Every structure is written in structure tokens, then in C-alpha cells.
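Colleague: I would like to go through this model with you, starting with confidence and then moving to individual residues. Please show it first.

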Amino acid sequence: AAVILGSTLVGAPVSTSTVVTAAIVGVGADRHPRHVRWAGVADTVSAWFLTIPVCAILGAVLYVCANLVS
């Protein structure tokens, strides 16, 4: 909740599902690292790093297409 509130106060976008996922992994790792499915964490982190560039590229392509049409 503190991460979501803090990011809201500074106007930074944040995904609540990302915060919840990170919190669950943190609790599992705190209890014992073997309680975490690290392969799933790796998949999630790689998806985070893939999402931003793909969205930026898609946004640029759509912007160019919209300007060509109008």
C-alpha cells in the first residue's frame, strides 16, 4: 500500500498487480527462499522488461499511422 500511495503522490504510474506480485514474492523469500517459484519470478521480471519497450514501439507506430491518415 505504501508503494502505491507513494507513487500516486509523485504522479508515477504503477501497476497494482506488479506491486502485489512483488509483495508475495518478498514474503515467500523472507520465510524461506525455497518457498518461491524462482522460474515464475524470472518469467514475470522478463515480462516487465519486455512490456515497456514493446508499448513504446507500438505507441510510436500507432502515432505515425494516425498522422498519415489525418
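**Confidence and selected residues**

Modeller: This is a predicted model. The protein chain has an average pLDDT of 88, and 100% of its residues score at least 70.

Colleague: In which helix of the protein chain is confidence highest, and what is its mean?

Modeller: The lowest confidence is in helix α1, residues 2-10, with a mean of 84. At the other end is helix α3, residues 38-69, with a mean of 91.

Colleague: Is Leu5 buried or exposed?

Modeller: Leu5 belongs to helix α1. Exposed means over 50% relative accessible area. Leu5 has 53% relative accessibility, so Leu5 counts as exposed.

Colleague: Which residues make the nonpolar surface patch, and what is its area?

Modeller: Leu5, located in helix α1, is one of the contributors. Leu9 and Val10 also take part, and the patch covers about 360 Å².

Colleague: Is Ser7 buried or exposed?

Modeller: Ser7 is in helix α1. The cut-off for buried is under 20% relative accessible area. Ser7 has 11%, so Ser7 is buried.

Colleague: Which residues does Ser7 touch, not counting those up to four places away in sequence?

Modeller: A contact here requires heavy atoms within 4.5 Å. With residues up to four places away in sequence left out, Ser7 touches Ala12 and Val14.

Colleague: What separates the C-alpha atoms of Ala1 and Val19?

Modeller: Ala1 lies in the segment before α1, and Ala1 is exposed, with a relative accessible area of 82%. Val19 is 18 residues from Ala1 along the chain. The separation between their C-alpha atoms is 8.5 Å.

Colleague: How many disulfides does a search of the whole structure find?

Modeller: A disulfide is a covalent bond between the sulfur atoms of two cysteines. The criterion is a pair of cysteine sulfur atoms within 2.5 Å. For the sulfur of Cys55, the closest cysteine sulfur is in Cys65, and a bond is ruled out because the distance of 16 Å is too far. Across the whole structure, the number of disulfides found is zero.

Colleague: What is the relative accessibility of Cys55, and what is that of Cys65?

Modeller: Partly exposed covers the range between the buried limit of 20% and the exposed limit of 50%. Cys55 counts as partly exposed because its relative accessibility is 49%. Cys65 also counts as partly exposed, with a relative accessibility of 39%.

Key: Residues are numbered from 1 along each chain as its sequence is written. This is a predicted model: local features need pLDDT of at least 70, side-chain atom pairs count only at pLDDT 80 or more; totals for chains, interfaces and linings use all residues. Side-chain values use heavy atoms; hydrogens and water are left out. pLDDT is the predictor's confidence in each residue, from 0 to 100. Helices (H or I, at least four residues) and strands (E, at least two) are DSSP runs, numbered from the N terminus. Patches are made of residues with over 30% relative accessible area and no salt bridge: like charges are joined within 9 Å, nonpolar side chains (Val, Leu, Ile, Met, Phe, Trp, Tyr) within 5 Å. Accessible areas come from the Shrake-Rupley method with a 1.4 Å probe; for residues, only the protein chains shown count as cover. A salt bridge is a side-chain nitrogen of Lys or Arg within 4 Å of a carboxyl oxygen of Asp or Glu. Buried means under 20% relative accessible area, exposed over 50%, partly exposed in between (1.4 Å probe, protein chains only).
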